[in-house]
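Here is a short briefing to read alongside your model. Take a look at the structure first, then come back for the tour.

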Amino acid sequence: MRRARSVLAILLPIVWVLSGGDSLASDTGGSAPTELEALMQGFAESGGVRARFQESRYLSILTDPIETTGMLYFAPPDRLARHTTSPGRSSIVIEAGRVSLRDETGQRVFDFSTNEIAQALVGNLMVVFRGDLKLLRERYSISFDSAAERWTLDLEPRARALRSVIERVQFVGKGRDLAAMETREPNGDRTIMKFSEIEIGFSWEPRDLDRIFSVDPPDTTP
Amino acid sequence: MNDLRVRWITVALLAGVGLYGVSRLEFTNSIKSFIPAAGELGDLSLELVDSPLARRMAISIGGGEKRSGAATALAESLRSHPEVAWVESGFDEDALRGIYELYFDRRVYLISEKPATEIPALLEPAALERRAADLRRRLAQPDAMLLSRTAPDDPLGLFQNIVDRIRDANPALSSGGGSFESASGEHAIVLLGLRSSPFDSERQAPLLGYLDSEFARLNAEAGGQLVLEVSGINRVSVASERSIRGDTNFISMVSVSVVCALFLLVFHSLRHLAIAILTPLSGFAVAMAVALSGEDPVHGITLGFGFVLIGVAIDYPIHLMNHHALSPPGTRPRETVAQIRSSLLLSALTTTLAFIALSLSDFPGLQAMGTFAAVGIPVALAITLFSIPAFMSPSAAPTPAQRALAGGFAWLVGWLSAREGIAVALFAACAVIAAVGVPQIRWEDDPSTLIAGDPALIAESERVRGRIADFDSGRFVVGLAPNAEAALVLNDQIHEQLTQAVVAGDLEGMSSLHTFLWSQALQRRNLEALRSVPDLVDRIDRIYVQGGFQSGAFQGFSAAVADPPLAPLRAEDFAGTALERAIDSLVELDGRWAVVTYLRGVTSSDAIRQALSGLEDTRYIDQKEIVGGVYQGYRRSMVRVLALGCVIVFVVLQLRYRNLRAALLAFATAGLAALATYGVFGILGVSVNVVSTISLLLVLGMGVDYGIFTVDGARVSDRLGATLSSILVSCLTSVFVFGTLALSEQPALRAIGLTTGTGILFALALSPAVFVMARRSGVR
């Protein structure tokens, strides 16, 4: 039941906002292809990724942001785990179209393989880590800017349905490191996820993969 | 009129009547037309017998990671099948949109079932503080990104409570976003509704075939690891019908072969068999034409049993043809008819009267059968007397078999006459068997035992039902009211009472319309209770600000309370939405409205009745109990009809013979054979049911015919061999036609076969003894 409740909690507002979507935007297409492709190629070659994250959610109904911290793991091509350690322990694991969640209310699993909006919502970060520029271009109008070593990747959803949920996603980085991801919603809410202690090139053993990409998070990071 | 003309007229009439019957052939298999008026409770049960739950199938797919995708694809494929009314395989976007559109703007109406007390409690400062903290906590969850979209309009989480309530309606079914899953998460589940009755095999068999082939295709694509399991009345029904058809085909083949062999042996001709069959066939054709001349369709059971009962009439041409064969050479058929006419008339009269007694039953099914057979028997007699002789030739020498049989019986009767004690002992043995066995008879009044379902299919169905915690389609509560709103008010009360029964452990769960729709009165009381809080907006604002929320963040909620965007939810609002089926349980019946609540895991029917005792126009219905009671009534009525039939037959025999001893002897064959048959069943522990009791009427009909021919034969010195050999051929024919049904795996067919086979053999065994005693008594 909780599993279903969770699905409904996520999908019902999507349905709600679909009726109030705004006008279609044009593809700005202002990226620097060479640099962007090189960057994404770099991500694609990074292998497994481990990073510490600090997330701040600025909601229009709250006076102060909701702060969470934890560890993020990515194993190519399609595994992503986010283990939150503060303020409470929770985990979300995305794997082959299925999302598993565990928080203080329990564990639930749901299948997003048939819902493109939900895939986009939960999978943006994974697509970037994977360096899947083709899929990014299918889903978003892309703007890419770089100066010195710093770069900014702006994504604006192409589909009206997705655009009614996400206004814009911005990735910021330095060199081949991803520093932050900001997601803006049409109602002004935004979420900033900052990354630190980024380590790349992991190739975990199957036993470690099972531990990391489990909603029972590892006590120690492999 | 010459024989050729008679033959043509007979064939033409039979063809005409047959064509008329075929052109008007319309029969029903609905149990409704077979159950007597049983008061309001029974009528309600009848109206709801074809319930949506009975028309539902549950499909389970297990065996691998690809089950969910296969279930979704299978659901999509089934959706286009003409026999499929609806398919549900998960919370698709249509369902989610339907829930949102129906409920979000009406969330202020659907807060509490006890608004006067619970809403003020919900808005107590301490309760609001907890809600604010809970909302903030949920906003911090990893999957709460979009909760913030609804929170400004719904700080109390009212809409989520409605969604939870809908989900809690079946806690065993969860949705993985793609497809329904069983509680264990190991099986993907698809639910579908049928357009036709699950017992309509003609429509169900193609659907089941399509389901199997589509699954095979999807399983092949998925690597062949998936396992399909299905629950549905239609599956068991189609399999049972196949089994019955298979049994019937096999048994028909056996019986036709043996009867052909018998006629070849006795008459050296299959033409005699064709002529003999003409008699019951004519009776059946005319009875069917009469039955179909009315406006109502004929029930399939009436046709089936009517045909069996008219089968008694096959005795008439057999007697005629065998007597004719054993007549002096050159005897014309109509001379033979004249010799045995009185016996034939008496046989047909007693049988017809017995069937008329059946038509006097209180039960519509028995009435229809009795009328059907009572029409057919006189027609069969008329064909025997007037038409069959036209198909026969003047007698020639009897066949060796006929001579041997006649001679053998003459010897047997001579032997028995010298040892009358054996004849008396035969009667005594039958009487003892009856006296010992009949009191031990075990009655089976559960109609479901008449059809044997495939145990493997039933076990599979139970496994699937267990995975989805399915409701019992035969147990429900019905509330009746003059209009839809009154029915919903009553349903609010029914739900409250049954919820207490769940808490008390008398009930495992229920499927109630209350999950989706409350009465408008209750909805308005919810809004009034919200509005009655004078400082509602300020209170929420103040307390939520203390919890870290912006002041004025919940103006959307304030506006919804002050002026809800939509009126309270009504049944009509569900039309055309993905939740349209939710209101199937609200139905109009003869100007009144009934609302049905389905139950699961009733531990005590009495406790449920007790829980509902304070509610007017509310009934707990257990269809199994009702139908069991109806069948018990059928059986009792049948026994009464049998007794009445026996009395009528005996009175007619007495009037005919004007001799008590002759009447008793003529009746003894039938009476003792019937009693001894049930005596044997009682001793051997074979349970009897309404089908075997109807079959006993067949035994009585044939047994009386044997008795009449035996007693009449005893009165004519040269008819001993002809009479008893006719009875033997008649008996063997009946045993091979009806008795072979005892080989069937289907309990209903087996009951017919066992009863008729055993009874007719008893009647045959008693006939020589009756002959000896009739002759000794000097019956004239």
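Buried residues, meaning those under 20% relative accessible area (1.4 Å probe, protein chains only), account for 53% of the 222 residues in chain A. This is a predicted model, where local features need pLDDT of at least 70, side-chain atom pairs count only at pLDDT 80 or more, and totals for chains, interfaces and linings use all residues. Residues are numbered from 1 along each chain as its sequence is written, chains are lettered from A in the order in which they are written, and side-chain values use heavy atoms, with hydrogens and water left out.

**Chain A**
- Six helices (DSSP H or I, at least four residues) and eleven strands (E, at least two) are found in chain A.

**Helix α20 of chain B**
- Twelve residues, 520-531, form α20(B), which reaches 16 Å from first C-alpha to last.
- Among the buried residues of α20(B) are Leu522(B), Leu527(B) and Leu530(B).
- Their cover includes α5, α19, α21 and α22 of chain B.

**Second largest cavity**
- A cavity is a set of points on a 1 Å grid over the protein atoms alone where a 1.4 Å probe fits but cannot get out, and its lining residues have an atom within 4 Å of a point.
- The second largest cavity has a volume of about 70 Å³, the space filled by probe spheres set on the points.
- α26(B) gives the largest share of its lining, four residues.
- Thr350(B), Cys646(B) and Phe667(B) are among the residues lining the second largest cavity.

How values were computed:
Buried means under 20% relative accessible area, exposed over 50%, partly exposed in between (1.4 Å probe, protein chains only). The expected span of a helix is 1.5 Å times one less than its number of residues. Contact means heavy atoms within 4.5 Å. On a 1 Å grid over the protein atoms alone, a cavity is a set of points where a 1.4 Å probe fits but cannot get out, and a pocket is an open set with protein on both sides within 12 Å along at least five of seven lines; lining residues have an atom within 4 Å of a point.
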